[in-house]
Amino acid sequence: MTVVKVAILGFGTVGQGIYNILKDKREHFKTTLGVDIEVAKILVRNCSKQRDKIDAALLTDNMEDVLAVGGLDVVFEAIVGDEPAYSYLDQAIEKGINIVTANKVMFAKFGLTLQQKAAKYNVRVGYEATTAGGVPVIKTMENILRVNDVQHIQGILNGTSNYILTQMRTEGMSFEKALKAAQDLGYAEANPFDDVSGHDPFNKLMILSALAFGKQPRWSDVEVVGISEITLQQVKEADAIGKRYRHIAEVAIDETGVIRAKVGPELIGQEHPLYAIDGVNNAVALDTNFIGTLTLVGPGAGMYPTASVMIEDYADMLVKKSALVTV
Ligand SMILES: NC(=O)C1=CN([C@@H]2O[C@H](COP(=O)(O)OP(=O)(O)OC[C@H]3O[C@@H](n4cnc5c(N)ncnc54)[C@H](OP(=O)(O)O)[C@@H]3O)[C@@H](O)[C@H]2O)C=CC1
Ligand SMILES: N[C@@H](CC=O)C(=O)O
């Protein structure tokens, strides 16, 4: 049985999820993927932090230790911010190591560059987890784009904001309490300002724009408004007349190739396709020329949905590699 070595960058909510699934499903992967997946290194910021159920020898705070692992096949990147994440992945690609990332701050900015570099070095890039958590929007869109054009994308792209708005409406919870609950559940960013200010769904929208249209709008042209100004009173008044606040991200391309995007809260009624999307769920509606509108719905954040799609990305790489070998 071939042993494949993998590394995990980051051991917070997402990194721990990856580690747990790889450990729990190790035998399963031997059968389904034909390989024994061994976690060889885990990069963290602070090695002296107390961590349960993990062999301390796996931990390092130095990326050089990760890159020095012989035969490393993939790094799963789940750290915070654009740097040093981008530089780490850039170095991994140069060493011929595949990359799978959940880091949308980094990927919105450097995704196209990393993908070009990966093509040059013949390595693969997985980034399903950057956008809409456990909802397989990237793979679905890649598939759709083989035949269709995508002209317009609209969705709820932040689980934390949707969870907060839902808790305010259904439980009468204050904004602050709902945000705290989202943090406790592992939905929120390390800095939750990114969630409630709209910056997180903005980053995801830019990733979708790059995939659908091959480019992004100028970032400074995009209006980005968060949910932090919405009061409990407003949510209750809206509910009383059958309306709901939803935090909606939208991007479209016109016939001349101009891209327009916006992110912000909207008050919508029952007729709106995003009306029923509650809790941590995200939804993404893709308008295409042949299929029509396709809407995907599912958990937009959290340890296991995010970790699962990252490992699915890697499983896909392994399957494609073995198909190449067989052919
Ligand atoms: N939580 C979620 O539901 C989702 C998160 N993501 C993305 O995944 C990534 C990780 O999120 P999450 O797990 O929630 O974050 P956490 O804050 O829970 O964990 C972050 C981890 O990264 C490590 N880390 C941070 N900066 C560095 C650095 N410079 N060098 C080395 N290690 C570093 C931290 O180390 P230490 O433990 O020592 O502090 C920690 O282990 C983020 O980019 C996030 O946007 C994407 C989809 C969903
Ligand atoms: N903080 C993000 C996590 C997933 O991307 C969110 O709440 O959507």
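Residues are numbered from 1 along each chain as written, while chains are lettered from A and ligands numbered from 1 in the order written. In this predicted model local features need pLDDT of at least 70 and side-chain atom pairs count only at pLDDT 80 or more, whereas totals for chains, interfaces and linings use all residues.

Student: How far apart are the centres of domain 1 and domain 2?

Tutor: Happy to start there! The chain is divided into domain 1 (2-133 + 304-326) and domain 2 (137-301), with bounds from an automatic or database domain assignment. Taken over C-alpha atoms, the separation of their centres is 27 Å.

Student: Which element gives the most to the side of domain 1 that touches domain 2?

Tutor: Contact here requires C-beta atoms, placed from the backbone, within 7 Å, and it takes 16 residues from domain 1 and 19 residues from domain 2. Helices (H or I, at least four residues) and strands (E, at least two) are DSSP runs numbered from the N terminus. Elements giving two or more residues to this side of domain 1 are α5 and α12 (303-326). With six residues, the one that gives the most is α5.

Student: How does helix α4 run relative to α5?

Tutor: The axes of α4 (residues 85-94) and α5 (residues 104-121) come within 10 Å and cross at roughly 10 degrees. Axes are lines fitted to C-alpha atoms, for helices over the stretch in contact, with angles from 0 to 180 degrees between N-to-C directions. Angles under 35 degrees count as roughly parallel, over 145 as roughly antiparallel, 65 to 115 as roughly perpendicular and the rest as oblique. Therefore α4 is, relative to α5, roughly parallel.

Student: How many residues of the shell around ligand 2 are charged?

Tutor: A residue is near a molecule or strand if its C-beta atom, placed from the backbone, lies within 6 Å of it; the surroundings of ligand 2 include Glu-189, Asp-195 and Asp-200. Ala, Val, Leu, Ile, Met, Phe, Trp, Tyr, Cys and Pro count as nonpolar, Asp, Glu, Lys and Arg as charged, and the others, Gly among them, as polar. The shell has three nonpolar and five polar residues, and the number of charged ones is three.

Student: Where is Pro-84 found?

Tutor: Most peptide bonds are trans. The bond from Glu-83 to Pro-84, though, is cis, with omega near 10 degrees. Pro-84 is found in the loop between β4 (72-77) and α4.

Note on methods: Two residues are in contact if their C-beta atoms, placed from the backbone, lie within 7 Å.
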